[in-house]
Amino acid sequence: VTDSVSDKASATLSIIIDDPGLAISTPKHLNAYIGSSYSITMKATGGSGKGYTWALGSGSALPAGFSLSAAGVLSGNPTVADSTNFTVTVTDSASAKFSANFTLNVAPGVNITTLPTLPAAIAGGNYYTSLGAVGGSGTGFNWTVSGGSTLPGGLTLQASGVLRGIPTTAGTFSFSLTVTDSALNTSSSV
């Protein structure tokens, strides 16, 4: 430092930068659905910043069919609707540890409730029917024609699950439909 009369002074300074601390940044409330495989990779921040290993906390258990790898991948194929609380511990390369509590909710998967045989239609007449689904996230159902199928001539399928139009040809037709919910769970029907 130099002042207005050119006197100089110097000093050696030091600063301590604190470690931000090891933490788990993965959301603590997780949702899985029966019939849909589940996988999420746990995330950590702070600590040494590298070499994270993961394990279930002492006394914790995951739902049947689920596992947690040392790399932090929580995965499984849910078969039973349930809500499970468990603890996950992360350890960094400097042996610092951090634990967090999680809840994994397993809900029923998406199921199509419309009967396999739709209401009859008449060639040249107006046709309208609504398709139904339940389960999964319970919201955002989106319907599509699937499996290389085509609808009978004159009929269209709306994303909301409404099948409508004026059929052009008499006959028996089979086609495949898929419904997908807002969590990307799917179910198909022929």
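Is Thr91 buried or exposed? Select it and see. This is a predicted model, and Thr91 in it is buried, because its relative accessible area is 17%, under the 20% limit for that class. The residue lies in strand β8. Now show what touches it. Setting aside neighbours within four places in sequence, Thr91 is in contact with Gly51, Tyr52, Thr53, Ala96 and Lys97.

**Zoom out: the whole chain**

Colour by secondary structure. The protein chain has 17 strands and zero helices. Its C-alpha trace spans about 100 × 55 × 25 Å along the principal axes. The radius of gyration is 28 Å, whereas a compact globule of 190 residues would have a value near 16 Å. Switch to a surface colouring by accessibility. Of the 190 residues, 33% count as buried. Among contacts with a separation of 6 or more, 58% are between residues 24 or more positions apart.

**Stop 1: the four-stranded sheet**

Select β2, β9, β8 and β5. In that order they make an open sheet with mixed pairing. Which strands stand at the edges? They are β2 and β5 (53-56). Each has a single partner strand, so one side of each is left without a neighbour in the sheet. Neighbouring strands here are turned by 35 degrees against each other on average, direction ignored.

Keep β2 and β9 on screen. They pair in the parallel sense over five bridges. Strands of a sheet pair through backbone hydrogen bonds, either parallel or antiparallel.

**Stop 2: the largest nonpolar core**

Now show side chains. The largest nonpolar core has 19 residues. Start with those that have the most contacts inside it: Trp54, Phe66, Leu74, Phe86, Val88, Phe102 and Leu104. The elements giving two or more residues to this core are β2 (29-33), β6 (66-68), β8 (82-91) and β9 (97-107). The largest share, four residues, comes from β9.

Centre on Phe66. Leaving out neighbours within four places in sequence, its contacts are Ala32, Tyr38, Leu74, Ser75, Gly76, Pro78, Leu104 and Val106.

There is also a second, separate core, with 13 residues. Ala133, Trp143, Leu155 and Val179 are among them. Leave that one for Stop 5.

**Stop 3: a stacked ring pair**

How many aromatic pairs does a search of the whole structure find? It finds two. Select Phe86 and Phe102 for one of them. These rings are stacked, 5.8 Å centre to centre with 15 degrees between the planes. Phe86 sits in strand β8 and Phe102 in strand β9, 16 residues apart, and the pair links distant parts of the chain. Both Phe86 and Phe102 are buried.

**Stop 4: the loop between β8 and β9**

Go to Ser95, in the loop between β8 and β9. Check its backbone torsion. Phi is positive, about 70 degrees, although Ser95 is not a glycine. Ser95 is exposed, because its relative accessible area is 56%, over the 50% limit.

**Stop 5: strands around β15**

Select β15 (162-165). On one pairing, β11 (residues 127-130) joins it in the antiparallel sense over four bridges. Tyr127 stands opposite Gly165 in β15. On another, β14 (residues 155-157) runs antiparallel to β15, with three bridges. Here Leu155 stands opposite Gly165 in β15. Leu155 is also a member of the second core.

Follow β14 into β15. The two form a hairpin with four residues between them. Pick Gly161 in the turn, where phi is positive at about 100 degrees.

**Stop 6: two loop residues**

Which loop holds Phe173? Look between β15 and β16 (176-180). Phe173 counts as partly exposed, because its relative accessibility is 39%. Draw a distance to Asn126. The C-alpha atoms of Phe173 and Asn126 are 17 Å apart in space, and the residues are 47 apart in sequence.

Finish at Leu184, in the loop between β16 and β17 (186-189). Phi of Leu184 is near 70 degrees, a positive value in a residue other than glycine. Leu184 is exposed, because its relative accessible area is 68%.

Methods
Residues numbered from 1 in each chain as written. Predicted model: local features only at pLDDT ≥ 70, side-chain atom pairs only at ≥ 80, totals over all residues. Heavy atoms only, no water. Core = buried A, V, L, I, M, F, W, Y, C linked by side-chain atoms within 4.5 Å. Buried < 20%, exposed > 50% of the residue type's maximum accessible area, 1.4 Å probe, protein only. Contact = heavy atoms within 4.5 Å. Phe/Tyr/Trp six-rings, centres within 6.5 Å; stacked < 30°, edge-to-face > 60°. Pairing = 2+ DSSP bridges. Axes fitted to C-alpha atoms, helices over the stretch in contact; angles between N-to-C directions. Rg over C-alpha atoms; globule rule 2.2 N^0.38 Å.
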